[in-house]
Structures are given as C-alpha cells and as structure tokens.
Protein chains: 2
Amino acid sequence: MNPTALFKLSYGVYVVSSMDGDRPTGCTANSAMQITSSPATIAISINHNNFTNQCIEKTGKFAVSVLSEKSNPQIIGTFGFQSGREVNKFDSVAYEWKEDMPVVKDACAYMVCKVINKMETDTHTIFLGEVLDADHLEKEEPMTYAYYHKVIKGKSPKNAPTYIPDEILEKEGKKSGEEKTVKYVCGICGYVYDGETPFEELPDDFKCPICKQPKSVFVKKES
Amino acid sequence: MNPTALFKLSYGVYVVSSMDGDRPTGCTANSAMQITSSPATIAISINHNNFTNQCIEKTGKFAVSVLSEKSNPQIIGTFGFQSGREVNKFDSVAYEWKEDMPVVKDACAYMVCKVINKMETDTHTIFLGEVLDADHLEKEEPMTYAYYHKVIKGKSPKNAPTYIPDEILEKEGKKSGEEKTVKYVCGICGYVYDGETPFEELPDDFKCPICKQPKSVFVKKES
C-alpha cells in the first residue's frame with residue numbers, strides 16, 4: 001500500500017468555526033463534503049485533539065468558511081497551527097455573525113450547520129450538519145487543497161486526516177523527484193520559503209507568511 | 001439561504017465500485033474524503049437509489065478509482081447516468097483487480113476499502129472504509145469536480161449530493177450571467193455540446209461523448 005495515493009483525493013481549504021461559550025473559535029480543515037441535497041447536509045471531519053471538536057459537541061452547531069485563492073494565507077496559519085485553547089484566533093481575523101456563528105469575511109462562501117448526527121473514529125469525529133444558512137461572499141475561485149500545496153507550498157498539520165510523516169514520504173520516494181536544492185522550511189507550519197531574496201538576506205523581522213512565526217523557526221533542508 | 005453557495009466546496013471525480021456477486025459494478029461519485037491517517041480511512045457518500053449502495057452493504061467492501069484530467073469522460077457517463085441493475089458497466093471500461101475489487105485502469109490512483117462503520121441519512125449512506133490497498137496508476141492530475149463542470153461541461157445526476165434542480169439555479173440567477181446563446185444539451189447527462197462544427201451539421205451517428213446517447217436526445221436550449 002502506498003499512502004501517498006490518498007493525496008489524489010481532492011479537497012478545498014476551510015475554516016470550521018464554532019463557539020466556546022461567548023468566544024468564537026475555529027480550526028483549518030480540508031475534509032468537508034455535501035451529503036444530501038434536500039435537506040442540504042454537510043459532513044466534516046475534525047480531530048479529537050482540535051479544541052473546535054469539543055465546541056461543536058457542546059453547541060451542536062458549526063460554520064464552514066470556504067477560503068478562496070485570494071484569501072490571505074495567514075488565515076490558514078492562524079486557524080491551523082495553534083490551538084483555540086490558548087489563542088483567540090478570531091482576534092486577528094475579520095468575521096461576521098451568521099446564525100450566531102462566526103464566519104470568516106475573507107472567504108468565497110459560508111455555510112452554517114446544525115449537527116444532526118455524528119460518527120466516531122479513533123482520532124476524528126465526522127459531524128453531519130444540516131445547513132441552516134449559506135451564501136456567497138467574495139467572487140473568487142475556491143482554494144483547493146492542491147493549490148494550497150502547490151502555490152502556497154503549505155503542508156498538513158499533525159491533526160489533519162491527510163497528514164503523512166516525512167519519513168514515509170521519503171521512503172515512498174515522493175521527495176526524490178524534486179530538485180536537489182537547499183530550502184528553508186518553517187518549522188511550525190511547513191511553509192517553504194520561495195521568495196526572490198535569498199533567505200539569509202531576509203530582514204530579522206521576517207515572519208512566516210502562513211503562521212506568522214519568526215525567521216528563527218525556519219529550518220534549512222537539503223533535498 | 002442560497003444553495004448554490006454549496007458549489008464552492010471542492011471535490012474530485014471518482015468511480016466507486018464493488019461486486020454484485022461475481023459481477024463488478026460501480027457508480028460515479030464526487031463525495032469522498034480521508035477521515036483518519038493512521039489507520040488510513042476514507043468516507044464516501046452513496047445514494048440509497050444507487051445499486052452500488054446495496055452491493056457495498058452486502059460485500060462490506062468498495063474501491064475508489066480517482067479519475068484524472070486525462071481520463072476518458074465516457075467513464076463518467078458509463079458509471080454516472082445508467083444503473084448497474086440493468087447494465088454491466090465494466091463491460092465497456094478497462095479494469096483490473098485489487099484486493100478482489102474492480103479498479104478502473106484509466107485513473108490516476110485507487111484505494112480499496114473494507115467498511116468499518118456507516119451513518120445513514122434520509123437519502124444517502126456515509127460508508128467509512130479502512131484502506132486495505134492504495135496506489136498510483138497514471139501520472140496525471142486528478143480531475144476536480146470544478147474541472148468536470150467547467151472544462152467537460154457536465155452536470156450532476158439526480159442522485160448526487162450536489163444536485164440542484166434547474167428551476168432553483170435559474171431562480172438564483174446562476175444562469176443569467178452566461179451568454180445569451182443557443183446551446184445543445186444532452187437530455188440524459190446534461191453535457192453541453194461545444195464543438196466547432198455547428199450542432200445541426202453533426203453526422204447522424206454523433207453520440208454524446210459523456211453518456212454515449214444518440215444525437216436525438218440532445219435538446220436545444222436558449223439562455
């Protein structure tokens with residue numbers, strides 16, 4: 001079995017949000033799909049370790065904000081590589097209220113759902129939500145997960161269903177086809193620096209465009 | 001609520017297959033997503049009316065063939081717009097056996113799964129499958145559902161989770177932005193003819209490239 005074959009499944013990039021009491025919170029997700037058309041229902045998959053999971057459990061509601069190709073990639077880092085237990089993620093991201101749920105403004109569409117069923121696995125909960133409200137926001141193309149990998153050069157956090165450890169990727173030769181070059185990779189979110197300025201010459205206050213961590217967390221990698 | 005906002009969720013295009021006794025069968029699907037990484041599991045959503053649903057129920061196994069941008073679009077029609085109750089769909093599509101399940105050859109990857117859980121809705125079953133085997137096939141980009149709509153100009157069959165009746169699309173003005181032109185649309189699968197030869201001048205044996213139905217099923221539409 002070659003686990004990298006599962007990379008061929010196509011996804012979008014979403015912020016799944018809910019409420020922790022009166023505090024909005026959420027996480028980045030790629031696993032969301034429509035299940036029925038009438039009534040409209042959506043299934044999402046959220047890791048047990050994600051704080052958002054227990055917030056959805058408590059409130060019985062969640063929102064899905066569909067990021068577009070023009071959405072600020074920092075949103076992915078803000079919601080994907082830190083925990084809502086410690087950080088008020090929505091403090092730095094513009095949002096609006098829809099059916100008492102927080103929805104990211106810089107997105108191309110949103111859906112707000114009421115949980116009507118769920119299925120447990122060892123690590124993730126699949127929540128089935130009936131859509132209470134949905135509409136378009138920006139007129140941009142939705143960001144696909146492939147676009148996130150190829151254009152933004154991001155990778156999956158450890159809680160993602162699509163996470164595969166680097167050791168396995170290397171064993172499967174997934175990395176051997178790439179150019180043998182030196183890369184600077186963000187140690188937090190995996191963003192690969194590809195600017196024109198050589199990494200060493202970047203100013204000291206350079207921050208990872210995805211997760212906003214400082215230059216010092218970048219790791220030099222030869223591949 | 002604007003149901004067309006749900007179009008912004010991203011999907012691939014898949015053939016979900018299983019066995020009816022010793023006869024391979026399957027259907028086109030767009031709803032498949034990875035749920036956990038270790039062990040690797042995949043969730044798919046299949047309409048109760050799809051014959052494939054009861055075959056997966058009986059065998060407890062299914063395969064997902066990931067169609068690529070270069071896969072013959074006839075495969076989508078063969079598996080999407082007719083029923084495995086009446087037709088041996090695999091008679092006209094090359095396949096190979098993986099873990100005793102039929103896998104479409106003209107695809108970029110496959111996964112064979114054993115059903116380990118399921119969740120019912122009014123119209124669809126969400127099957128959770130543990131991946132028994134998976135590998136790459138062709139070195140092509142996976143076909144996204146957006147590509148299918150935009151490039152191949154196909155639409156959703158009525159059993160699809162993403163199906164929205166034309167009346168609602170028109171009401172939502174989804175169609176009003178398009179050019180006011182005459183189109184010839186396959187009455188079976190919704191394929192919109194866009195060849196250089198005017199439709200009227202096509203030979204009598206012209207067939208829909210998606211579902212292989214004759215020229216006579218095409219309907220003239222003004223929009």
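Biologist: How many residues does the contact take from chain A and from chain B?

Modeller: This is a predicted model, so read every value as computed from it. The contact takes 44 residues from chain A and 44 residues from chain B.

Biologist: Which strands of chain A each supply at least two residues of the side that touches chain B?

Modeller: They are β3, β4, β8 (109–120) and β9 (124–136) of chain A. The largest share comes from β9(A), with eight residues.

Biologist: How many residues of that side are nonpolar, polar and charged?

Modeller: On the side of chain A that touches chain B, 24 are nonpolar, 16 are polar and four are charged.

Biologist: Now the sheet. How do strands of a sheet pair?

Modeller: In general, they pair through backbone hydrogen bonds, and the pairing is either parallel or antiparallel. In chain A, seven strands form an open sheet with antiparallel pairing. Read the order as β2-β1-β5-β8-β9-β4-β3.

Biologist: Which strands stand at the edges?

Modeller: β2 (23–29) and β3 of chain A do. Each has a single partner strand, so one side of each is left without a neighbour in the sheet. Neighbouring strands of this sheet are turned by 35 degrees against each other on average, direction ignored.

Biologist: Give me one pair to follow. Over how many bridges do β1 and β5 of chain A pair?

Modeller: Four bridges, in the antiparallel sense. Strand β1 covers residues 14–20 of chain A, and β5 covers residues 61–66. Look at V16(A): it stands opposite V64(A) in β5(A).

Biologist: Which strands does helix α1 of chain A touch?

Modeller: Helix α1 (residues 51–59) packs on the sheet and touches β1, β2, β4, β5, β8 and β9 of chain A. The direction of α1 makes about 55 degrees with that of β1(A).

Biologist: Next, the backbone. Is the peptide bond from S38(A) to P39(A) cis or trans?

Modeller: Cis, with omega near 0 degrees. P39(A) lies in the loop between β3 (32–37) and β4 (40–47) of chain A. In chain B, the bond from S38(B) to P39(B) is cis, with omega near 0 degrees. P39(B) sits in the loop between β3 (32–37) and β4 (40–47) of chain B.

Biologist: What is the phi of D100(A)?

Modeller: About 65 degrees, a positive value although D100(A) is not a glycine. D100(A) is in the loop between β6 (95–98) and β7 (101–104) of chain A. For D100(B), phi is near 65 degrees, and the residue is in the loop between β6 (95–98) and β7 (101–104) of chain B.

Terms used: Residues are numbered from 1 along each chain as its sequence is written. Chains are lettered from A and ligands numbered from 1 in the order in which they are written. This is a predicted model: local features need pLDDT of at least 70, side-chain atom pairs count only at pLDDT 80 or more; totals for chains, interfaces and linings use all residues. Two residues are in contact if their C-beta atoms, placed from the backbone, lie within 7 Å. Ala, Val, Leu, Ile, Met, Phe, Trp, Tyr, Cys and Pro count as nonpolar, Asp, Glu, Lys and Arg as charged, and the others, Gly among them, as polar. Two strands pair if DSSP finds at least two bridges between them. Axes are lines fitted to C-alpha atoms, for helices over the stretch in contact, and angles run from 0 to 180 degrees between N-to-C directions.
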